[in-house]
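Hi,

Here is the structure I promised to pass on. Have a look at it first, and my notes follow below.

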Amino acid sequence: MRRIFTLFIGVYLCIWAARAQEPAYTDPVTLEDQAEKIDSLQRIIDDLNSQLTSQKKIERVWEGRSKYFNIGYVNQKLIYKDFDMPDMKNDFGVSLSWGKTYYLHKKPLLGMLKFGLDWSWVDLNYAQYSLIDMEEVKPGESSEAYEITAHQAEYGMQFGPSVTINPVQDLKVSLYFRVTPSFSLIYMDDVNYNYATFFNFGGAIAWRMISLGVEGRWGSAKYNGFAVNEVDIDSEYPSIETSSIKAKLKTSSVRFYIGFRF
């Protein structure tokens with residue numbers, strides 16, 4: 001009897017093990033539930049991929065394009081404020097600026113707008129002028145005209161607020177206003193120099209690394225100048241006279257530039 005009972009238990013265990021190895025029967029409702037779960041998981045994965053792609057775009061458009069290096073052409077005018085003299089327009093001019101935009105918030109407003117502060121630690125501006133000077137002669141004699149070349153140069157640093165819009169893809173449009181404290185130097189037969197505060201207002205359109213922009217620039221200063229003249233140059237001990245002048249001049253210019261953002 002004991003052997004029969006043991007045999008019965010063994011047969012039962014064998015049958016149970018064989019059934020355990022067979023695939024379990026699943027009704028259609030369970031398969032549909034599994035399909036819904038797979039679809040839901042796929043949607044979650046797609047959302048995560050979309051968020052990751054959007055984050056990469058934000059990093060590429062904003063974080064990776066905050067620095068700028070601009071080279072520009074300058075159309076400039078020099079205006080005398082203390083003397084009744086005609087305005088001077090430059091024959092040639094060039095500008096160079098290098099700086100960075102520091103955005104005030106990490107995420108763009110409405111997904112496309114950021115406010116920032118621009119700091120250009122290098123701002124160089126140069127203009128060359130040609131002047132026609134009439135030589136003084138005695139009455140009745142014909143006068144002669146000769147050309148004088150004048151040079152104006154500034155080195156300064158720009159700082160001010162800006163707003164940037166990213167309407168589509170990698171396109172960005174920016175507007176800015178900057179204050180530019182500068183050291184200004186003008187050479188016209190003598191050297192004139194002083195501190196000058198300039199103001200810049202402009203905008204740019206950028207596509208990835210390349211940008212095109214235009215800005216207005218204006219400011220004035222009362223220049224301290226000096227001129228050195230040799231006297232009695234044929235004597236054994238020539239003497240030198242030094243004279244100083246002061247003149248208030250206003251600078252007004254428009255700068256067109258191409259920029260590189262990185």
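Gly213 sits in strand S8, residues 210–231 (strands are DSSP runs of E, at least two residues, and helices are runs of H or I, at least four, both numbered from the N terminus). With a relative accessible area of 12%, Gly213 is buried (buried is under 20%, exposed over 50%, partly exposed in between, with a 1.4 Å probe and protein chains only).

A word on the basis: this is a predicted model, where local features need pLDDT of at least 70, side-chain atom pairs count only at pLDDT 80 or more, and totals for chains, interfaces and linings use all residues. Residues are numbered from 1 along each chain as its sequence is written, and side-chain values use heavy atoms, leaving out hydrogens and water.

Now the salt bridges (a side-chain nitrogen of Lys or Arg within 4 Å of a carboxyl oxygen of Asp or Glu): the whole structure has five. One of them joins Glu154 to Arg217, with the closest N and O atoms 3.2 Å apart. That pair links distant parts of the chain, as Glu154 is in strand S5 and Arg217 in strand S8, 63 residues apart. Glu154 is buried at 4%, and Arg217 is buried at 1%.

Asp123 belongs to a salt-bridge network with Glu215 and Arg255.

Finally, Arg208 pairs with Asp170 at 2.9 Å. Arg208 is partly exposed at 45%, whereas Asp170 is buried at 7%.

Cheers
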